[in-house]
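Open the structure in your viewer and have the selection tool ready.

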Amino acid sequence: TLPIEDGGAQFGVRDGSTHSIWDVAQENNAGGLLLHWLVNLDLHANQQIGESGVIMIAHGLRKNTTLQRLCLRGQNIGDECSEDTIDKFVGALRDNSVLAVLDLSSNGIKRRGAGKLAEWLKDANGIRDLDLSRNSLKDSGLAVLAEALSVNGSLQSLNLQLNHVTDDGL
């Protein structure tokens with residue numbers, strides 16, 4: 001885990017500042033640490049990282065071979081993001097075979113985002129725990145995910161609480 005804290009003061013990662021943190025890491029030769037040794041990254045307590053932050057996370061995921069846990073809870077990186085940004089993030093998930101725990105709760109993920117995640121889940125052999133709670137998947141998003149889950153053999157825990165799913169969706 002790479003702490004983004006110092007003496008109890010938390011440094012927020014905001015839209016536009018993620019790139020600055022990346023640059024600082026590269027300039028201080030910590031880029032290798034970020035890319036090759038990071039095991040747990042939890043950004044849920046930070047201000048929303050925005051699309052540029054999602055793109056930077058995707059870039060890191062493509063190169064990182066050790067990240068096992070990623071928490072992006074409450075970052076509003078769901079269907080409000082551009083198609084290109086979502087594609088980059090899901091593509092990075094596809095390229096990263098060691099990620100075991102992913103928390104995307106409270107992100108405004110709807111049918112479109114569920115479809116992109118479903119594409120990834122069909123072939124995601126390493127993912128063990130996925131938290132999609134507190135999104136807006138509804139019945140249609142759940143149906144798309146259910147199809148992908150029928151072929152995924154690694155997922156052990158899936159949290160879908162509070163997603164506006166009706167009895168028809170179950």
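A crossing is left-handed if the near helix is turned anticlockwise from the far one by less than a right angle, and right-handed if clockwise. This is a predicted model, in which local features need pLDDT of at least 70, side-chain atom pairs count only at pLDDT 80 or more, and totals for chains, interfaces and linings use all residues. Residues are numbered from 1 along each chain as its sequence is written, and side-chain values use heavy atoms, with hydrogens and water left out.

Select residues 83–95, helix α4, and residues 111–123, helix α5. (Helices are DSSP runs of H or I, at least four residues, numbered from the N terminus.) Their crossing is right-handed. The two axes, which are lines fitted to C-alpha atoms over the stretch in contact, come within 9 Å and cross at roughly 25°. α4 and α5 are therefore roughly parallel (an angle under 35 degrees, on a scale from 0 to 180 between N-to-C directions).

Now show the side chains in contact (heavy atoms within 4.5 Å). On α4 these belong to E83, I86, D87, V90, L93 and R94, and on α5 to R112, K116, L117, E119 and W120. Five of these residues are nonpolar (Ala, Val, Leu, Ile, Met, Phe, Trp, Tyr, Cys and Pro), none polar (the others, Gly among them) and six charged (Asp, Glu, Lys and Arg).

Select E51, V54, I55, I57, A58, L61 and R62 in α3; they meet T85, K88, F89, G91, A92, L93 and D95 in α4. This contact has eight nonpolar, two polar and four charged residues.

Definitions and conventions
Helices (H or I, at least four residues) and strands (E, at least two) are DSSP runs, numbered from the N terminus. Angles under 35 degrees count as roughly parallel, over 145 as roughly antiparallel, 65 to 115 as roughly perpendicular and the rest as oblique.
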